[in-house]
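Reader: I've got a model open on my screen and I'd like to learn how to read it. Can you walk me through it, one feature at a time?

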Amino acid sequence: MDDLALVSVSWWLLLSHGFGVVLAALAGWRHGIRAGLTVAAAAPLATTIWAVERLASGAEPETVELVWVGGLDLVLRFQTDAVALLMTVLVSGIGVLVFAYATAYFGPDAAGRSRFPATLLAFSTSMLGLVLADSIWTLFVFWELTSITSFLLVGYKSTSDVVMDAARRALMITAGGGLVLLVGLLVLADVTGTSVISDFGAVDGAAASIAAALIMVGAATKSAQIPFHVWLPGAMEAPTPVSAYLHSATMVKAGVFIIAVLGPVFAGNDVWMALGLAFGISSMLWGAVGALRHDDAKLILAWSTVSQLGLLVTLLSLGTAKGVFAGISILLAHALFKAALFIVVGEVDVRTGTRKVSELGGLARKMPIAAAVAVAAGASMAGVPPLLGFAAKEAAVEAALELDGTLFAVAGVSVIVGAVLTVAYTTRLLIGLLGPGPDVAVAPSRPLLAIPSVVLAAAGLVGYVFLGQINAMVVPAAVELDTKAEVYELYRWPGLTVGLAVSLIVIAAGIVLGLVVARRTMAVPKPVGADFADRLLDAIPIGSRMIIGRIQHGSLPIYLATMAAVVSLAALSMALRVSSDRIVVWDEPTQALLVAVIVAAAVAGVFVGSRLGAALILGAVGICVSGVYILHGAPDLALTQLLVETVVVVGFVLGLGHLARRFPDSPDTWRTIRMVVSLAVGVGVAGALAVAGAQPVGRPPIGELARAAVEEGGGENVVNVILTDVRGLDTLGEITVLVVVSIGIVALANVRRSEVTT
Amino acid sequence: MIRHLSPMTRISVKLVTPPALLVGVYLLFAGHNNPGGGFAAGLVFGAVLILRTLAEVQEPRHAREIVAFGLFAAVAVAIAPALAGGVLFDQVIGEIEVPVLGKVKGGTALPFDIAVAAIVVGLVVALLDGLAASGGIRSHHRLEHDE
């Protein structure tokens, strides 16, 4: 399998993304944010070219697997089917344009010069890994990585409280949804008996329904469906490149992507369909209403994204081949026009100083390029020919009309109403930006700012002209999710069908509605559940502080007693299995002598009242134990024990210096508790050791180890060779623990010193 | 804390230091074929340090540096063979002729043992430092201040 990994291009592309993150950070640090972004764009650019080439040549899907722990199914597994490649083109292609845009958006001295390019590329990497993943564990890891990197990106301006609240809210909801998704994936893996996505067959039964519900909820949090959409409008605090990338083309599509990919698995599952339609339809309609009422152009786009994602979730949950086909088409079209619109609004913001539709107007003359882009992208969003959005929206309308019965009454009608509202808010946005209105001063343009949006908007037009190429991308992807989708394709002009008639009515009705509400100030809707989310956001740190306060009370004796009690419970359960006939009293009488001393010292240790005395007695016990080791022929162990005892006793002498000479008196209850716990630990551990010694499992590997020690380790002390060579990695782990402890102690000491001095 | 530190304590600690260190070094080198090793050596060095701190001959210092050196050395020994195309912790053994000692055989286990010893010493120093910070040890600085 490793060999396979080495020859696969997709593997190298993912790796190059990883290196790119480091290089981008370095370049940004040395030469400023623009250099960092330029370096960061290299890997996505190569990936785009690769994916487009593979799609065009219709190459067979390839699979790459890197096994970590095979027995636990912990593998990194990627595959390149048509859906994955289509998503790759979106993620990496739009990524390149966003990196280009960001170089113009940020001034050369912008903050976060090293952090921002690296984080943006890290996000792009996570997204790429997500869409290429073929194991649900791989998918989940990258899913969580997108949550974390997007948190960092939304919180770019980390000095602002508003921004940090928005970032935290996004993290809380998407990471919380990630946990729900994880449980769903666990159940699914249990039901199907595999973690490989391409091996999944259709599942049914109660467990499958539970998995369906959990996965759908997880997907809905990421794709900002009602009631989890709270975070998306807030995330608009992010810089424009981040919004254009994360909140249009990529991250919010992750949920849609997982619904699409797992759709075939849950085909015919009522829970899956009902939840998907509930999320999708409510988000589609409420999102559109929100977009219709907002004044801030960026928030209009955010709410419109909620609505469009709702449309995608609805189409993919219909369970029809036409729905899947329309969903994939709109997925592609939406990524193009929404990214372009975000960039235009960003440019308007930079050049006029405001994003409020009520304060803007007349930009058609003052910003002709941006205006053209806005019209082209907006028209594509509204589904007006001759643009890609029209062909895709036409497929959605067809998918809605083909339904019958209740499904048509609920989903079909909603899709059509949603389309009307989409045309309406697009009209309102365009009139607000371009139509007559307040005169605003416009700063001179920066051409680089416009180029990426021109490319994206033009892609909508070019895609319509070369619809055959788009079909070549969309149809295989749809077929992969539903084989019946092969009969469909996008049409430049569908002919005089009912669908076209409906589309034209939709556009007309939408424009009328848009004209009616244009330039009208309306109460801005609050996202459903916003207050609850904010309260939760406040409650989490308070709650965790409370719990930590209870658990970490800071009393050392209670910590010790707790640990000892837990140990005794584990040991006692084992000690109960002790059988007297297998116990050997002693091998030689000397042992009895040593043990007598040990017991006597231990008993004395309980009754001695002086702290120093207790420490010395403990040392005596330890030294006698090392004597027992010597009798058993373990000089290494004995030496170590002896040295540890020495250090501990000397340490006690030093440490006890600033404590009272005698133990303090303690209340009787506490004394009783300690006695019970001590007895339990003593009896339990002794019993457990007797059981363990009396029932050896397997043969001791000493012969093999001794041979390996001399031949491979070159040493005759087997113990030492085991520590430094055979199990060297274990030792490394152990000494790393010591290092961590040391650092902790030094840090505590420093805190203490600063407390003393202040 | 020993309030009235006797000159005897100080002098005997100072006297004991060189032979104790020698024992530690012996354990470090002997470890590969006889009882001993990095951990044992580190403990001996640690015990010496505690005694010297106790006798106020020395102050615990540079825990972080010692620990950092140890961890870097350990990781270097671990991954060096892998970088050279082998597996982690692949043992490299060589023999060299040293003028006085004659033929000396050594492997990469030795630097690893040294790293382990350094980390153990670092931990002891950190502990002593922690005690000093919480007022367990009189530091030289405070002694001068008192007088």
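Author: Let's start inside a helix. Arg351(A) and Glu347(A) are about one helical turn apart, because they sit four residues apart in helix H14 (residues 321-352) of chain A. Keep in mind that this is a predicted model.

Reader: What do the side chains of Arg351(A) and Glu347(A) form, and how far apart are the closest N and O atoms?

Author: The general idea is that side chains of opposite charge can pair when their charged atoms come close. Here Arg351(A) makes a salt bridge with Glu347(A), with 2.9 Å between the closest N and O atoms.

Reader: Is Arg351(A) buried or exposed? And what about Glu347(A)?

Author: The cut-off you need is that buried means under 20% relative accessible area. Arg351(A) has 10% relative accessibility, so Arg351(A) counts as buried. Glu347(A) comes out at 3%, so Glu347(A) is buried too.

Reader: Which residues are joined into one network by salt bridges that share partners?

Author: Those are Glu65(A), Arg77(A) and Asp134(A). Take one pair from that group: Arg77(A) and Glu65(A) meet through their side chains in a salt bridge, 3.3 Å from N to O. This pair links distant parts of the chain, with Arg77(A) in strand E2 (residues 74-79) of chain A and Glu65(A) in strand E1 (residues 63-69) of chain A, twelve residues apart. Arg77(A) is buried at 14% relative accessibility, and Glu65(A) is buried with a relative accessible area of 12%.

Reader: Which residue forms a salt bridge with Arg168(A), and where do the two lie?

Author: The partner is Asp165(A), and the closest N and O atoms are 3.3 Å apart. Both residues belong to helix H7 (residues 161-192) of chain A, three residues apart, which is about one turn of the helix. Then check accessibility: Arg168(A) is partly exposed at 41%, and Asp165(A) is partly exposed at 34%.

Reader: Zooming out, which domains is chain A divided into?

Author: There are domain 1 (285-521), domain 2 (564-696) and domain 3 (698-758). Taken over C-alpha atoms, the centres of domain 1 and domain 2 of chain A are separated by 76 Å.

Reader: How about the interface? What area is buried between chain A and chain B?

Author: In general, the size of an interface is often given as the accessible area lost when the parts come together. Here chain A and chain B bury about 3800 Å² between them, and carbon and sulfur atoms give 74% of that. In chain A, the residues losing the most area to chain B are Val647(A), Leu654(A) and Thr724(A), together 16% of what that side buries. By residues, the contact takes 41 from chain A and 50 from chain B.

Reader: How many salt bridges cross the interface of chain A and chain B?

Author: The rule finds one salt bridge there. Asp129(B) pairs with Arg753(A), the closest N and O atoms being 2.7 Å apart. Between chain A and chain B, two residue pairs are in polar contact, both at pLDDT 80 or more.

Reader: Which elements give two or more residues to the side of chain A that touches chain B?

Author: They are helix H26 (635-656), helix H29 (718-726) and helix H30 (728-757) of chain A. H30(A) gives the most, with 16 residues. On that side of chain A, the residues divide into 19 nonpolar, 16 polar and six charged.

Terms used
Residues are numbered from 1 along each chain as its sequence is written. Chains are lettered from A and ligands numbered from 1 in the order in which they are written. This is a predicted model: local features need pLDDT of at least 70, side-chain atom pairs count only at pLDDT 80 or more; totals for chains, interfaces and linings use all residues. Side-chain values use heavy atoms; hydrogens and water are left out. Contact means heavy atoms within 4.5 Å. Buried area is the accessible area (1.4 Å probe) that two parts lose on being put together, summed over both. A salt bridge is a side-chain nitrogen of Lys or Arg within 4 Å of a carboxyl oxygen of Asp or Glu. A polar contact is a pair of N or O atoms within 3.5 Å; within protein, one must be able to donate a hydrogen and the other to accept it, and residues adjacent in sequence count only if both atoms are side-chain atoms. Ala, Val, Leu, Ile, Met, Phe, Trp, Tyr, Cys and Pro count as nonpolar, Asp, Glu, Lys and Arg as charged, and the others, Gly among them, as polar. Domain bounds come from an automatic or database domain assignment. Buried means under 20% relative accessible area, exposed over 50%, partly exposed in between (1.4 Å probe, protein chains only).
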